Amino acid sequence: MAELAALEDPKARKVNEKHGDDHGVNLGKLRALAKRLKTQQELARRLWETDDTAAKLLATLICRPKAFERDELDAMLRAARTPKVHDWLVNYVVKKNPHAEELRLAWFADSDPVVASAGWALTTERVAKKPEGLDLAELLDVIEAEMKDAPDRLQWAMNSCLAQIGISHAEHCARALDIGERLEVLKDYPTPPNCTSPFAPIWITEMVRRQHDE
C-alpha cells in the first residue's frame, strides 16, 4: 500500500477522476509493479479487501482468475465501484474464470445497470469469439428497444455489442448499421485523432474495411 501511495500523481488523479476513477497511479507503473510481484492469489485477495481503487486494480493483475468461486466474483463485481476496476475485473479475471458463462447470464438480466453492463461485456466477447448458441437477432431487438435510454455504462456496453455484431457477422451488418444510424447513440462522442469513433456505424464500417484490406 505504501508503494502504491508513492506512485500517486496528482495530474493522473485529475484525469482519472473525470472518468469516475478515484486513483492517481500511472497504469504503466502499476503494470510494472504487478510484473514484479507475479501471481500472488492471497495478496490479491487482501489488496481487494482494502477498498482502495489502485489496490483493487493491482489485485486484478496478480490474482489467479480461475481460483475464484462464482459467488465471490459476483460480490467483487458489485463492490467494484469505479469504471476501471469494473472493466479490469471483467476483462482480466471473469473472462478467464470457469463460471464466466453462468455469470454472463445472471448479470445480463440484473436490475442494476452497472451489473447488467458486465453481462453485456461478456456477451460481446461471445459474439466475437464463440457465437454458437447466441440469438443475435434477439440481441439486436433488445438493443434497438433499450439502448437509447439506457444509463451511461449500460448504454456503452450495449453499443459495443451492437458494433461487434455488425463487425463479426456479415448477415446482421446492415441491420446493426441501421440501428446505429437511427438511435444516434455516441454520435457526437469526442474522439481523439487516429482513434475510431465509438458511434456504431463509423466503428463497424472502419473495422469491416480493415478486415477486407487484410
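**Exercise 1. A residue in a loop**

Is Lys-38 buried, partly exposed or exposed, and what is its relative accessible area?

*Solution.* Before starting, note that this is a predicted model, in which local features need pLDDT of at least 70 and side-chain atom pairs count only at pLDDT 80 or more, while totals for chains, interfaces and linings use all residues. Residues are numbered from 1 along each chain as its sequence is written, and side-chain values use heavy atoms, with hydrogens and water left out.

Step 1: recall the cut-offs, by which buried means under 20% relative accessible area, exposed over 50%, and partly exposed in between (1.4 Å probe, protein chains only).
Step 2: apply them to Lys-38, which has a relative accessible area of 59% and is therefore exposed.
Step 3: look at the backbone, since most residues other than glycine have a negative phi. Lys-38 is not a glycine, yet its phi is positive, near 60 degrees.

**Exercise 2. Another positive phi**

Find where Glu-184 lies, and state how exposed it is.

*Solution.* Step 1: Glu-184 is not a glycine, although its phi is positive at about 60 degrees.
Step 1: its position is in the loop between helix H12 (170-183) and helix H13 (200-213).
Step 2: with a relative accessible area of 40%, Glu-184 counts as partly exposed.

**Exercise 3. The two sides of helix H3**

Which residues of helix H3 are buried, and which are exposed on the other side?

*Solution.* Step 1: in H3, which covers residues 27-37, the buried residues are Leu-30, Leu-33 and Ala-34.
Step 1: these residues lie on the same side of H3, because they cover an arc of only 100 degrees around the axis, the arc being that of the directions from the helix axis to the C-beta atoms.
Step 2: turning to the other side of H3, one finds Lys-35 and Arg-36 exposed.
Step 3: the buried residues pack against helix H1 (2-6), helix H5 (53-62) and helix H7 (83-93), where contact means heavy atoms within 4.5 Å.
Step 4: at the N-terminal end, H3 is capped by Asn-26, which has a side-chain oxygen 2.7 Å from the backbone nitrogen of Gly-28. A polar contact is a pair of N or O atoms within 3.5 Å; within protein, one must be able to donate a hydrogen and the other to accept it, and residues adjacent in sequence count only if both atoms are side-chain atoms.

**Exercise 4. A mostly covered helix**

How many of the residues of H5 are buried, and which helices do they pack against?

*Solution.* Step 1: nine of the 10 residues of H5 are buried, so the helix is mostly covered.
Step 1: among them are Leu-57, Leu-58 and Ile-62, and also Lys-56.
Step 2: the buried residues pack against H1, H3, helix H4 (41-49) and H7.
Step 3: Asp-52 caps the N-terminal end of H5, with a side-chain oxygen lying 3.2 Å from the backbone nitrogen of Ala-54.

**Exercise 5. The whole protein**

How many helices and strands does the protein have, and how many disulfides does the structure hold?

*Solution.* Step 1: the protein has 13 helices and zero strands.
Step 1: buried residues make up 43% of its 214 residues.
Step 2: the structure holds zero disulfides, a disulfide being a pair of cysteine sulfur atoms within 2.5 Å. For Cys-173, the nearest cysteine sulfur is that of Cys-161, 14 Å away.

Conventions:
Helix = DSSP H or I, 4+ residues; strand = E, 2+ residues; numbered from the N terminus.
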